[in-house]
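The report that follows is meant to be read beside the sequence and the 3D view. It goes through pockets, backbone features, a helix and aromatic rings in turn.

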Amino acid sequence: MGALANQSFVKMNGIGNEIVVVDMRARGGTIEANEARAAARPDGAPYDQLMALYPPRTPGTDAFIRIYNNDGSEAGACGNGMRCVADLISKESGKTDLAFETTAGILNCWKSADGLFTVDMGPPRFQWNEIPLAEEFRDTRAIELQIGPIDKPVLHSPSVVSMGNPHAIFWVDDVNAHDLARFGPLLENHPLFPERANITLAQIVARDHIVIRTWERGAGLTKACGSAACAAVVAAARLRRTDRKVKVTLPGGELLVEWRQQDDHVLMTGPVEFEFKGRFDAALFAKAGV
């Protein structure tokens with residue numbers, strides 16, 4: 001019948017990034033791609049990312065987490081989703097310092113006195129084969145890629161970086177002046193990105209402020225993408241267009257991102273919001289052929 005049939009869930013959001021959390025620690029079971037897609041249907045619990053909690057695999061961690069996009073594909077990182085999970089586990093355990101293992105590695109999270117959660121997203125990766133790209137670029141601060149006429153491209157020369165998942169950041173004067181819903185799918189699936197990519201439009205407002213919009217790999221247009229916010233700050237700092245501690249404004253709200261100099265780690269701080277609890281109807285998956 002599938003791992004999610006009759007499974008309870010918690011619906012949350014991180015500044016508008018729609019998150020569903022399922023606790024599989026007692027029940028176990030692998031969530032298949034068609035199950036993840038079915039769960040995101042309107043008669044299920046529509047989400048951008050589904051965070052599935054499993055028993056810890058590594059001593060000292062609080063849980064192992066598998067992350068699913070709403071198209072059924074898996075993601076290595078989701079900063080907004082990690083804050084949601086941290087909030088739930090913190091309330092369950094009373095701990096304010098937590099560590100979670102994902103396919104992208106171990107991520108540490110902690111709660112500050114103001115109630116906001118910070119996620120240590122680890123160090124960014126810049127090598128072409130780490131992002132990964134399909135061909136070699138020695139300098140990933142700006143690569144050869146454009147949309148539109150050769151002599152007058154609409155978007156061009158993105159910065160590329162991995163934050164546990166691939167990101168391409170296009171620098172624009174106004175993030176709302178471009179049809180990201182049209183260009184996003186084309187760029188996400190461009191042959192240059194063998195694992196697809198998150199596509200972000202970024203506007204520099206000041207040395208400590210960036211505005212972004214993101215087409216999220218496997219999820220589409222989103223109100224917020226935490227790893228994209230981190231990628232944009234890192235890319236902007238590499239180009240010396242901003243400082244290393246930046247407020248990032250997204251359609252759903254604001255995040256504070258710091259690319260810490262002493263250890264190269266990227267820290268992302270922001271709020272979480274509880275929406276409701278529910279349970280997946282087994283009939284939802286039967287209709288989807290699970």
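Contact here means that heavy atoms lie within 4.5 Å of one another. The model is a predicted one, and every value below was computed from it.

Leaving out residues up to four places away in sequence, serine 162 touches Pro124, Arg125, Glu130 and Ile131. Serine 162 belongs to strand S11, which runs over residues 159-162, and it counts as buried because its relative accessibility is 4%, where the cut-off for buried is under 20%. Glycine 29, by contrast, stands 133 residues from serine 162 in sequence, and their C-alpha atoms are 29 Å apart in space.

The largest pocket has a volume of about 340 Å³. Its lining is made up of 23 residues, and those closest to the centre are Ala104, Arg125, Ser162, Met163 and Gly164. Strand S5 (74-75) and strand S7 (105-111) are the elements that give two or more residues to this lining, and S7 gives the most, with 3 residues.

How many cavities of 30 Å³ or more does a search of the whole structure find? The search finds 1, and the largest cavity has a volume of about 80 Å³. This cavity is lined by 14 residues, of which Gln49, Ala75, Ala77, Asn165 and Glu216 lie nearest its centre.

**Backbone features in loops**

| Residue | Phi | Relative accessibility |
|---|---|---|
| Isoleucine 15 | about 45° | 8% |
| Arginine 196 | about 65° | 22% |

Isoleucine 15 is placed in the loop between strand S1 (8-14) and strand S2 (17-23), whereas arginine 196 is placed in the loop between helix H3 (180-188) and strand S13 (198-206). With its 8% relative accessibility, isoleucine 15 counts as buried, while arginine 196, at 22%, counts as partly exposed.

Which residues of H3 are buried? They are Leu180, Phe183, Gly184, Leu187 and Glu188. These residues lie on the same side of H3, because they cover an arc of only 125° around the axis. Arg182 and Leu186, on the other side of H3, are exposed. The cover over the buried residues of H3 includes S9, strand S10 (155-156), strand S12 (166-171), S13, strand S14 (209-216) and strand S15 (220-222).

Valine 175 lies in the loop between S12 and H3. Its relative accessible area is 2%, so valine 175 is buried. Apart from neighbours within four places in sequence, valine 175 is in contact with Leu201, Ala202, Gln203, Val211, Ile212 and Arg213. Aspartate 23, on the other hand, is 152 residues away from valine 175 along the chain, and the C-alpha atoms of the two are separated by 37 Å.

**Aromatic rings and charges**

The structure holds 4 aromatic pairs. In one of them, phenylalanine 280 and phenylalanine 285 have ring centres 5.8 Å apart and planes at 75°, so this pair is edge-to-face, the cut-off for that class being over 60 degrees. Phenylalanine 280 counts as buried at 2% relative accessibility, and phenylalanine 285 likewise counts as buried, at 0%. Ring pairs link Phe280 and Phe285 with Phe9 and Phe276 into a cluster.

Arginine side chains are also placed over aromatic rings. Arginine 57 lies over the face of phenylalanine 64, at 3.8 Å from the ring centre, and the charged end of arginine 244 sits over the ring of tryptophan 259, 4.0 Å from its centre.

Key: Residues are numbered from 1 along each chain as its sequence is written. This is a predicted model: local features need pLDDT of at least 70, side-chain atom pairs count only at pLDDT 80 or more; totals for chains, interfaces and linings use all residues. Side-chain values use heavy atoms; hydrogens and water are left out. Helices (H or I, at least four residues) and strands (E, at least two) are DSSP runs, numbered from the N terminus. Buried means under 20% relative accessible area, exposed over 50%, partly exposed in between (1.4 Å probe, protein chains only). The arc is that of the directions from the helix axis to the C-beta atoms. Rings of Phe, Tyr and Trp (its six-membered ring) pair if their centres lie within 6.5 Å; planes under 30 degrees apart count as stacked, over 60 as edge-to-face and the rest as tilted. A charge sits over a ring if NZ of Lys or CZ of Arg is within 6 Å of the ring centre and within 35 degrees of the ring normal. On a 1 Å grid over the protein atoms alone, a cavity is a set of points where a 1.4 Å probe fits but cannot get out, and a pocket is an open set with protein on both sides within 12 Å along at least five of seven lines; lining residues have an atom within 4 Å of a point. Grid points are joined across faces, edges and corners, and a volume is the space filled by probe spheres set on the points.
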